[in-house]
Every structure is written in C-alpha cells, then in structure tokens.
Amino acid sequence: MVVLESRACHSSYNRICYVLEGSAHNNSKTNQRALAVSGTNLNLLHDADGQISNVQSAPYLEEQFHQSLKKAYNPHRQYQCQSVVVSFSKNEFDTSDLAGQSRQALKLIQGFASQYFGDAQSVICVQCDGPGGLNDGDGKLHVHLIVNSVKRDGRTVATNRFSVFHLRKNLNTYMEENFEKATGREWKNPFSNNKTRHDVDKLVTKSAWNKRLKQTIDNVKSQVSNETDFKAVLQTYGITVTERQKGRAWTYHQVIKTAKGTKRLSVRDFYQRIDRQTGSVLSTRGLGVGYTKSALINYWEKQVEIESDYQPKSVNKNSKRKDDHNVREKSNDDIKRFEQEVNRQRRQQEHLRQHELATETEEINDERTTERKRQSRRQESRQCVNPNADPEASQSTSQQAGFEGIHGFNQADGPEPGE
C-alpha cells in the first residue's frame, strides 16, 4: 500500500537542496541520490541527448519558485512550499529493475501532479536510498513532490489540497485509472472495497485487538479534522464510539467474528485508578492518553492552527482604496514641490541675469566717463601751452606737423637751403 506524507516547509530552497543534492542515504539499492527527476511549469536542465537530466541545480529551480513568490500578496510568507512523499510498497514496485521502475513511478507522480496541481510549479524526484514507508530498512521506491505554495499568477494554493485525506483519495483515484497503463500491472486499492478487516477473525486476544485498534485510530485521525468525521470514518471500519463521564471520556467498541461465533470487544480510551489517601496510581487501563477525546480534539485544533498560519491574509478593499488615495495624494504633493522648486530656480536665474546686465551697463558707463575725463584733461593741457590758439586749428596744425615729420624722417640727409 502506498504511504503518504505531507507537510509544509518554511524554505523551498532547503527542501529542494535536500531532495536533489548530496549522496545517497542508503547504498543497499543504489549509490544515486536521484534516480529520475522531472517537474511541472519549470525549466529543467537536459542532457546532451535532450533528456531531462537527473542532476539538477537547486538554486536554478529555487529562483523560478522565487519569481512566483514575489508576485504574492505577502512575499515574506512563513511557508514557501508543500512537500509530499509517496512511498510505494514492494507489491507495487519490487525494485528489481530500478531504472525501469523509477521511470514508471516518475510518470505516475508527474501525471498526478499535472492533474491536481497543474496550476502551480512542482519538482519531482524519484529515490530509493531510504528506509521506505514502513521503516524496515529495505530501501523502498519513493517519490518526492515539492509544490510551490504560490501559483505563477501570485495566488496561493489552497492548503486543504495537501491534507492526507484529500491526497489519499485523489491518488487512489488516479492510480486506478493510470497505474496499469504505466506498469502493465493491476492496481489494488485497499480503500476501494468494503473496509471490513480481513484479518479480524484471527484476532483472538484482547491485546492484539487493542494494537490493531490503535493503528486504525492513528490512520483515521490524520484524515479528518473534527469529532463528527472521526466517528463516521471509524463506523466504516465497524468501530463505534460511546461517551461516558458526561461526554468527557470515550469507549471504543467492535464486533468481531471468531471460530466460536461473534464476539463484542470494548476498551476505554484511558483510565487510572488512584489511591485517594496517597495519590499514587494503583492501575492504568485503556488505549492511552493520546486516544482520549480531549487529546484528539487538541490534535485537530493544532492542525487547524498550522494551516491558518500560512493562509494568505484577507485584503480589506476599503483600506486598500484608502492606501491608493494616500499614494495619489503623495504623488500630487511631490509634483507640487517639484514645480515650486523649478519656479524658484527660474526666478533665481532671472535675478542673476538682471544683475549681470546691470553690472555690464555700469562698467560701460564707467568707461565712457573715464574717456570723457581723459579728453577733457587733454584739451586743458593744450590750452595751457597756447592759450590764444584755436583748439581746432591747433589740432589740425599738430596733425600736419606730425605728418610732415614722418615724411621728413624718410628723406635722405642733404644740404640745408642756402648752402
């Protein structure tokens, strides 16, 4: 019978590294950690012949998981992936041909993942290096299925899809339709027929019946989430539950067939006889503390708390609308501040330009004033030399004398006139 294990993981990177990398844990069957690898909605590494390689890069796959995680409402969610382990029994895969049977197991689980988790990313790895589902050390063929908790569109995968009860039901349905196609052998579903125990006639002792009853209760309690479903599923096994101590305690009943006819067996959940004077325990009866009503209810409540921890937080539309309004107001304020800063810089530049123009004008005026003063001093000096001379005539005479002086400098030396 296939054994299922499902749990939520805080880090998808650590889980992918654990499944794909490292050496084999048990070398009794093979030295390879991964016999076959595949996935859904992922880019995988391929060999030279075009086949998907059994050696994959965990960081490369985790990066693809992380791209979907960044689209989630809460990228810093507590649980990043769901880990499902499907362990086959020897009746389903005897591991006589690891290469062929690993491909068959990979094909089955890949089809199962595509049908029930096709909207999410998943990594699939077939191994045969562990103790197997029954922990007997024989190294049974098992498959790791790691499903991203966030879909590619950023939505969260519903956590109730990973409960053992739903996984068992969906896996049995899929195996009934596809196991024979993949392996050529008939699928024997232990849950498809009537759930009456086939070995109940051999239970001739009360202790053996108690042991089987514990195993049944452990199996059923992980498939349900409340007291009503628990009793209903036990009823299918022929086990009834009655209450005592005003509903605080339970008693389990079952009618079995023996060689001497039918026999009704019953056992309390847990009971202790205590000495009232000393307080010491005189005797203990029943299945155990873990099978009491209060213990089972606490177990289901913890499971609900675990699932609620990684449920996505509900979005308040009003608060989101308010946040959007605040964002718009903040953007408008930023625009106003930017426009004010631009206008301030423009005014400052205009002031600097006017200051430069004023400075240039002042310099030109100073130069003109200086030139007028210089010309005035020249005229005053000329008048001091020849007070009766006409300023215009003296200026023309000086210009002519200067002209003659220049020409006289260019002529050759000769006798003075009259010599």
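**Salt bridges and cysteines in the predicted model**

Asp119 is partly exposed, because its relative accessibility is 30% and this class lies between buried (under 20% relative accessible area) and exposed (over 50%), with a 1.4 Å probe and protein chains only. The model is predicted: local features need pLDDT of at least 70, side-chain atom pairs count only at pLDDT 80 or more, and totals for chains, interfaces and linings use all residues. Residues are numbered from 1 along each chain as its sequence is written, and side-chain values use heavy atoms, with hydrogens and water left out.

Asp119 takes part in a salt bridge with Arg161, with an N to O distance of 3.5 Å. A salt bridge here is a side-chain nitrogen of Lys or Arg within 4 Å of a carboxyl oxygen of Asp or Glu. The Arg161–Asp119 pair links distant parts of the chain, 42 residues apart. Arg161 sits in the loop between E5 and helix H4 (164–183). Asp119 sits in the loop between helix H3 (98–116) and E4. Helices (H or I, at least four residues) and strands (E, at least two) are DSSP runs, numbered from the N terminus. Arg161 is also partly exposed, at 23% relative accessibility.

In total, the structure holds 11 salt bridges. Another of them joins Arg33 to Asp129, and the closest N and O atoms are 2.7 Å apart. Arg33 lies in the loop between helix H1 (12–20) and strand E2 (36–40), and Asp129 in the loop between strand E4 (122–127) and strand E5 (142–148), so this pair ties together parts that are 96 residues apart in sequence. Arg33 and Asp129 are both buried.

Helix H8 (residues 317–385) contains both Arg353 and Glu350. These two residues are 3 apart, about one turn of the helix. Their side chains form a salt bridge, at 2.5 Å from N to O. Arg353 has 43% relative accessibility and is therefore partly exposed. Glu350 is partly exposed as well, with a relative accessible area of 32%. Elsewhere, salt bridges with shared partners join Glu227, Lys231, Glu243 and Lys293 into one network.

Cysteines were examined next. A disulfide is a covalent bond between the sulfur atoms of two cysteines. The criterion applied is a pair of cysteine sulfur atoms within 2.5 Å. By this rule the structure has 0 disulfides. Cys17 is buried, with a relative accessible area of 14%. Cys128 is buried too, at 1% relative accessibility.
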